Amino acid sequence: MCKQTKYGPKVHIMDHPLVAHKLTIMRDKHTSVKDFREIVSEIGMLITYEATRDLPLTTKTIETPLCKADMPTLAGKKFAVVPILRAGLGLVDGVLRMVPSARVGHIGMFRDEETLEPHLYFCKMPKDVADRDIIIVDPMLATGGSADMAIAEMKKRGCKNIKLMVLVAAPEGVEYIISRHPDVDIYAGALDDHLNENGYIVPGLGDAGDRIFGTK
Ligand code: PRP
Ligand code: URA
């Protein structure tokens, strides 16, 4: 289930005790790299559950041990999960455990520490990406610059149905993405308070990439 916010129906903030509990462990600066990484993946799975709520179903006839029955089955929509490197990689496994047939596209970006501007350094997508529904994944939506650029790259490639999934969002980032891409649904584990003067989410969880990969 998701909380209602002032941002309207395209913004889905998770409202689930497991997500809240796991995020608190992630936010704790004493949490180990191993635990942090495992929980990123677990929350990824839980948010995917919400982000796939509108998947179309069809019916197929099966035989239970008792009788023939018409039962629901996924209509077979084609998906691609697109992590924003590096930190988004931590979420891929959680999405794939829920949607195992999804393809994976990679988009590499880093945020300039001074200007906070995103820089694109890599983009490799499945050939038929324009025919697929897209879930862009990144643990952090801070200023929104990286997500904006990633969404724009996918639109350039012809993608139409794009969702953005993050663990922690800042109001500044949510507002920026809504203003630039009103068609995109945003799914977040939590909506935090604000960005600090260095562009970090407060209370946040620090540098997601460094905490997933143990680079600091
Ligand atoms: C982090 C994070 C997002 C971006 C969010 O990545 O994973 O991609 O910053 O910030 P924004 O909303 O202000 O653009 P970072 O640039 O630190 O790269 P990394 O994943 O390689 O650590
Ligand atoms: N990137 C991160 O990893 N953390 C933040 O708080 C903001 C951007």
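This is a predicted model: local features need pLDDT of at least 70, side-chain atom pairs count only at pLDDT 80 or more; totals for chains, interfaces and linings use all residues.

Author: Residues are numbered from 1 along each chain, and side-chain values use heavy atoms, without hydrogens and water.

Reader: Is Asp-54 buried or exposed?

Author: Exposed, because its relative accessible area is 54% (buried is under 20%, exposed over 50%, partly exposed in between, with a 1.4 Å probe and protein chains only).

Reader: Which side chain does the side chain of Asp-54 make a polar contact with?

Author: That of Lys-163, at 2.9 Å. A polar contact is a pair of N or O atoms within 3.5 Å, one able to donate a hydrogen and the other to accept it; residues adjacent in sequence count only if both atoms are side-chain atoms.

Reader: And how do I read the pockets?

Author: Rolling a probe the size of a water molecule over the atoms shows where empty space is left. The largest pocket has a volume of about 720 Å³. Its lining counts 30 residues, with Phe-110, Arg-111, Tyr-200, Asp-207 and Gly-209 closest to the centre. On a 1 Å grid, a pocket is an open set of points where a 1.4 Å probe fits, with protein on both sides within 12 Å along at least five of seven lines; lining residues have an atom within 4 Å of a point. The volume is the space filled by probe spheres set on the points, joined across faces, edges and corners.

Technical notes:
Chains are lettered from A and ligands numbered from 1 in the order in which they are written.
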